[in-house]
Structures are given as C-alpha cells and as structure tokens.
Amino acid sequence: MGALDSLSEYFSNHFDVSIRKRKKRKVMQTVNIKVKIDCDGCERKIKNAVSSMKGAKSVEVNRKIHKVTVSGYVDPKKVLKTVQSTGKKKAELWPYVPYTMVAYPYAAGAYDKRAPPGFVRKSEQAQAQPGGTDDKLMSLFSDENPNACTVM
C-alpha cells in the first residue's frame, strides 16, 4: 500500500507541475500597421525587424498605401513597438476599413482624404445603429410592405 501511494503521489505532482508551467499559446492572427515608407531602405529595415520577431510567419510591405501586414503568432502591440523602434515614430495600427463595410462612409469621423482608395476611417458615427430611424424608413417604403402605397 505504501508503494502505490508514493507512486500515485509522484505522478500527480509531476503532472500538476507540468500543467502549471505551460504557457498560453498565442493565436494565429494578422496585424496591419500604417507607417510612412519613403524608400527601399525604410522598407527593408521594417521588413527585417518584423520578420526577425518570434512567431512572425509572413511579412508584406505595401509602400503605395503605407501598410505593413504581419501574419503569425504575434502580439499587435509588440509588432507596433518593433516598427516604431526602426525610427518610424508615427506608426499606428491600421485605422481603416473597406468602404463597403460602413453604412455612412462620408460621415464626419469616417471620411479621410489620406485614406487609401477603397478604404475609410473606422468610426462610430459611420456605423448604422440597429433599430434606428433609417431602418424604419427603409422598411416603410419597401416592396414587402403591402401598405406602402397608402403612405405615399
């Protein structure tokens, strides 16, 4: 009886320690950074710095729209900090969304002249409010409403 107790105690302690030592795995994600890239040297410097990060699988730099895309098991804050450490202090997380995902793309907070073609700035004013007055008006004059012609 003493041998079985000590053996079961050994295995339970061994597995408890190994479970506690495990770190949470990072999630595979894509991080987009907006950074001003002027020349080939800037592009190369950013690409080398970010690709040497632990967990980075692929790095794409688009100089035309000033966008750096990093895919892998990385933290967005660490990627931003790495890009800023290359001398690009005005780097920020990608603030734009595709034009088609916004209900009111020309709202005061969403319209941005510096946005790349097909993108607008992400803002709360540009998002449609569920159950808002616009939805009610659109359903008032829809083809599915049998009383639509009486309202007109």
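**Salt bridges and a strand hairpin**

Glu 60 has Thr 69 in E3 as its bridge partner. Here E labels a strand (a DSSP run of at least two residues) and H or I a helix (a DSSP run of at least four), numbered from the N terminus. This is a predicted model, in which local features need pLDDT of at least 70, side-chain atom pairs count only at pLDDT 80 or more, and totals for chains, interfaces and linings use all residues. Residues are numbered from 1 along each chain as its sequence is written, and side-chain values use heavy atoms, with hydrogens and water left out.

**The hairpin**

- E2 and E3 pair in the antiparallel sense, over six bridges. Two strands count as paired if DSSP finds at least two bridges between them.
- Four residues sit between the strands of this hairpin. His 66 takes a positive phi there, near 60°.

**The salt bridges**

- The count comes to three salt bridges. The rule asks for a side-chain nitrogen of Lys or Arg within 4 Å of a carboxyl oxygen of Asp or Glu.
- Side chains of opposite charge can pair when their charged atoms come close.

**Glu 92 and Lys 34**

- Glu 92 forms a salt bridge with Lys 34, and their closest N and O atoms are 3.8 Å apart.
- Glu 92 belongs to strand E4 (residues 92-93) and Lys 34 to strand E1 (residues 29-34), so this pair ties together parts that are 58 residues apart in sequence.
- Glu 92 is partly exposed, at 30% relative accessible area. Buried means under 20%, exposed over 50%, and partly exposed in between (1.4 Å probe, protein chains only).

**The network around Arg 63**

- Asp 40, Glu 43 and Arg 63 are linked in a network of salt bridges.
- Arg 63 forms a salt bridge with Asp 40, with the closest N and O atoms 2.1 Å apart.
- That pair links distant parts of the chain, 23 residues apart. Arg 63 is in the loop between strand E2 (56-62) and strand E3 (67-72), while Asp 40 is in helix H2 (residues 40-51).
- Glu 43 also meets Arg 63 in a salt bridge, at 3.2 Å from N to O.
- Glu 43 lies in helix H2 and Arg 63 in the loop between E2 and E3, so the pair ties together parts 20 residues apart in sequence.
- Arg 63 is partly exposed, with a relative accessible area of 30%. Asp 40 is partly exposed at 48%, and Glu 43 is partly exposed at 23%.
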